Amino acid sequence: MIIINDIHLGTQRQAGTTPAAQVALKQYLQDEFRMLVERAAGQLLVINGDLFDGFSVDPGEVIKAYDVLAAHVSFGGQLALGAGNHDETAKGDKTSSFHLLAHIMAQLGEGVQVIDHKSGFTEVATGVWAIPHMLNQDLFDIEIEKAVQAPGGFLLLHCNIMSPFAERADHSLNLSEQQLDALTDAGWQIVVAHEHQMKSYQGGKCLIVGNQILSSVSDCLNNKNNEKFYAKIEGSKLELVKWLELDQVYAETNWQYIDTATLEGKKFIRVTGDCTADQAADMVGRVSKLRQVSTAF
């Protein structure tokens with residue numbers, strides 16, 4: 001079983017981008033997604049939430065995702081499609097891009113499982129369970145309690161961990177410290193999506209994998225390992241498999257050294273540094289020149 005999360009296909013990034021860069025970024029995400037899915041050939045692929053960047057994305061993004069996932073199933077793979085906070089909302093009665101894709105994928109037969117708020121605490125495979133994003137915190141808490149009463153194993157979640165900013169927010173659910181303790185005491189090894197940077201709690205009993213495919217400069221920051229991973233479960237063993245080294249696609253430079261920095265081929269560039277009022281025009285000019293010649297997103 002291979003687990004991926006937070007792909008954010010169809011992303012809309014406005015700050016520091018051009019129209020051409022926005023189109024290129026969307027295609028980059030689709031290309032990386034296809035290669036990532038190919039890693040799971042013949043296996044169970046679990047998408048642990050936020051395949052798409054919003055409740056509704058361009059239908060073309062849904063079609064491309066379908067083509068990739070349908071090929072995976074057609075060549076003997078299985079798929080568990082889990083809902084994240086971008087995929088579900090308690091407001092309105094419109095169909096999300098996630099549920100449109102899920103409906104179409106379900107027509108492919110028994111090789112496809114959809115896990116959304118209607119499913120709740122759901123068995124994905126022997127010893128592996130998932131709780132998708134629920135429509136509000138109270139419903140999420142109910143499903144967590146079901147897991148606490150269950151025998152244990154691997155538990156896949158899409159939520160924040162011990163975040164005071166997410167409490168009672170509903171759009172972004174939170175697992176409290178008390179709930180985390182109760183789950184690990186019940187024998188669960190927890191694999192968490194939603195947060196984009198890798199972290200671990202309780203000696204690795206709770207692992208935030210982080211996202212695999214970069215969609216913004218912020219995805220490149222605060223990453224202690226300088227690498228991105230996906231999760232793999234085989235029997236009773238959880239393994240992290242390296243997907244990307246950040247240095248391959250990310251660079252950071254002080255604005256005063258833009259002209260001499262090695263930036264060619266980088267997908268994401270962060271310009272840093274301070275400047276005086278007298279230097280401001282020079283700084284803006286150098287950044288503007290970089291935007292004109294760079295193909296970075």
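Select Asp6 to begin: Asp6 sits in the loop between strand S1 (2-4) and helix H1. Helices here are DSSP runs of H or I with at least four residues, strands are runs of E with at least two, and both are numbered from the N terminus. The model is predicted, so local features need pLDDT of at least 70 and side-chain atom pairs count only at pLDDT 80 or more, while totals for chains, interfaces and linings use all residues. Residues are numbered from 1 along each chain as its sequence is written, and side-chain values use heavy atoms, with hydrogens and water left out.

**Stop 1**

Most residues other than glycine have a negative phi. Is Asp6 buried or exposed? Asp6 is buried, with a relative accessible area of 0%. Buried means under 20% relative accessible area, exposed means over 50%, and partly exposed is in between, using a 1.4 Å probe and protein chains only.

Now click His8, which lies in the loop between S1 and H1. His8 has a positive phi as well, near 60°, and His8 is buried, at 4% relative accessible area.

**Stop 2**

Next, select Arg34, Val37, Glu38, Ala41, Gly42, Asp67, Val68, Ala71, His72 and Phe75, which line the second largest pocket. On a 1 Å grid over the protein atoms alone, a pocket is an open set of points with protein on both sides within 12 Å along at least five of seven lines; a cavity is a set where a 1.4 Å probe fits but cannot get out; and lining residues have an atom within 4 Å of a point. The volume of this pocket is about 180 Å³. Grid points are joined across faces, edges and corners, and a volume is the space filled by probe spheres set on the points.

Which helix gives the largest share of this lining? That is H2, with four residues. Helix H1 (19-38) and helix H2 (59-74) each supply at least two.

**Stop 3: the cavity**

Select Val46, Ile47, Asn48, Gly82, Ala83, Ile115, Ala130, Ile131 and Pro132 to see the lining of the largest cavity. About 60 Å³ of space lies in this cavity, and a search of the whole structure finds one cavity of 30 Å³ or more. Strand S2 (44-48) gives the largest share of the lining, three residues.

**Stop 4: helix H5 and what follows**

Move to H5 and colour Gln179, Leu180, Leu183 and Thr184, its buried residues. Seen down the axis of H5, these fall within an arc of 125°, so they line one face of the helix; the arc is that of the directions from the helix axis to the C-beta atoms. On the other side of H5, Gln178 and Asp185 are exposed.

Then select Ala186, in the loop between H5 (177-185) and strand S10 (188-193). Leaving aside neighbours within four places in sequence, Ala186 is in contact (heavy atoms within 4.5 Å) with Val148, Ala150, Pro151 and Gly152. Just after H5, Gly187 takes a positive phi of about 100°.

**Stop 5: strand S16**

Finish at Val271, in strand S16 (residues 268-272). Val271 counts as partly exposed, at 31% relative accessibility. Beyond neighbours within four places in sequence, its contacts are Thr253, Trp255, Ile258, Val287 and Leu290.
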